[in-house]
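Here is a friendly walk through one protein model, written for someone who likes to look at side chains and their partners. Keep the viewer open as you read.

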Amino acid sequence: GTPVMRMSFAVPEVRRHLIDVMREVITRYRPDGIEIIYFRGLPLILWEDAFCEQFQERFHADAKQVPEDDPRLFDLRCELLTSFMAEIRAMLDETQKSQNRTKRYALSASVVQTRDDNRRHGIDVERWVKDGLVDQIGIFPWAFHASRRPVDWEWFSLITKGTDVKLYPVMIGWKQNSAPRSLGQALEHYAKGASGILVWDPNPVGFYSPEGGYSAAHSGSYFRPREIY
């Protein structure tokens, strides 16, 4: 009964609306693909009516009365989001065919750092890889509503081994306070098997200090160019 600022992926009309937006983008602009940034929208599914009704139908239990870590909650969330990813993949393939396009539209998913963190929110990365739904995976090292554990590179490498799925760790722009630090971090990622690097939140000069946090006094410099190394 608590309102939240979220759309529910348990509602088919929500998924359909988002897919319609994606279809419009690839039809009009024909990019290389679509990226779903899951780590910014957590939590993705909670205890909204649409979810609770499906939980009751599937497990004959009240989703609001079971423990928050009941694996059945995670299973249903994973099933719903996997359906969403499959719907996106089908739309991309259909659009590719209608355009007589030979190159497959890539589907990327940016997720959080461990198996358990992803599963809790319905992000079944391993299933998406097995089912051929994704082409690229972005790995975000830190997100709200996720643990503070380090990136589980061993798990990501294991589930993508022998596939064409590429791994792209996310480097947070405002944490990169020097060129040597950024380059060193990138080299560490490549040594662990990264195919490339994603950069999130480039740092506006003076707006954020890795040592001191946000600075409202310098927010006026937000649009000033910064030196590029």
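**Confidence**

Please bear in mind that this is a predicted model. The mean pLDDT of the protein chain is 89, and 88% of the residues reach 70 or more. Residues 214–229 have a pLDDT below 50, though the stretch has 17 contacts in the model beyond its near neighbours in sequence. Where pLDDT is low, the predicted coordinates should not be read in detail.

Let us turn to helix H6, which spans residues 153–160. Which residues of H6 are buried? They are Trp153, Trp155, Phe156, Ile159 and Thr160. Viewed down the helix axis, the buried residues of H6 fall within an arc of 165 degrees, so they line one face of the helix. On the face of H6 turned away from the buried side sit the exposed residues Glu154 and Leu158.

The cover over the buried residues of H6 includes both helices and strands. Among the helices are H4 (115–120), H5 (125–130) and H7 (179–191). The strands include S2 (106–111), S3 (136–139) and S4 (166–172). After H6 comes Gly162, with a positive phi near 80 degrees.

**Thr95 in helix H3**

Helix H3 runs over residues 71–98 and includes Thr95. Is Thr95 buried or exposed? Its relative accessibility is 8%, so Thr95 counts as buried. The Thr95 side chain reaches the backbone oxygen of Met91 at 2.8 Å. Setting aside neighbours within four places in sequence, Thr95 is in contact with Arg23, Ile26, Thr27 and Tyr105.

**Salt bridges**

How many salt bridges does the structure hold? There are 14, and the table lists some of them.

| Pair | N to O distance |
|---|---|
| Arg15 and Glu87 | 3.3 Å |
| Arg149 and Asp117 | 3.5 Å |
| Arg127 and Asp131 | 2.5 Å |

Take the salt bridge between Arg15 and Glu87. Arg15 lies in helix H1 (residues 12–29) and Glu87 in helix H3, so this pair ties together parts that are 72 residues apart in sequence. Arg15 is buried, at a relative accessible area of 9%, whereas Glu87 is partly exposed at 30% relative accessibility.

Next is the salt bridge between Arg149 and Asp117. Arg149 belongs to the loop between S3 and H6, while Asp117 is in helix H4, so the pair links parts that are 32 residues apart in sequence. With a relative accessible area of 38%, Arg149 is partly exposed; Asp117, at 6% relative accessibility, is buried.

In the salt bridge of Arg127 with Asp131, Arg127 is partly exposed with a relative accessible area of 41%, and Asp131 is partly exposed at 39% relative accessibility. Elsewhere, salt bridges that share partners join Arg89, Asp93, Arg104 and Asp135 into one network.

**Cysteines**

Cys52 has 12% relative accessibility and counts as buried. Cys78 is buried too, with a relative accessible area of 5%.

Definitions and conventions: Residues numbered from 1 in each chain as written. Heavy atoms only, no water. Buried < 20%, exposed > 50% of the residue type's maximum accessible area, 1.4 Å probe, protein only. Helix = DSSP H or I, 4+ residues; strand = E, 2+ residues; numbered from the N terminus. Arc of directions from axis to C-beta. Contact = heavy atoms within 4.5 Å. pLDDT = per-residue confidence, 0-100. Polar contact = N/O pair within 3.5 Å; in protein donor to acceptor, adjacent residues only side chain to side chain. Salt bridge = Lys/Arg side-chain N within 4 Å of Asp/Glu carboxyl O.
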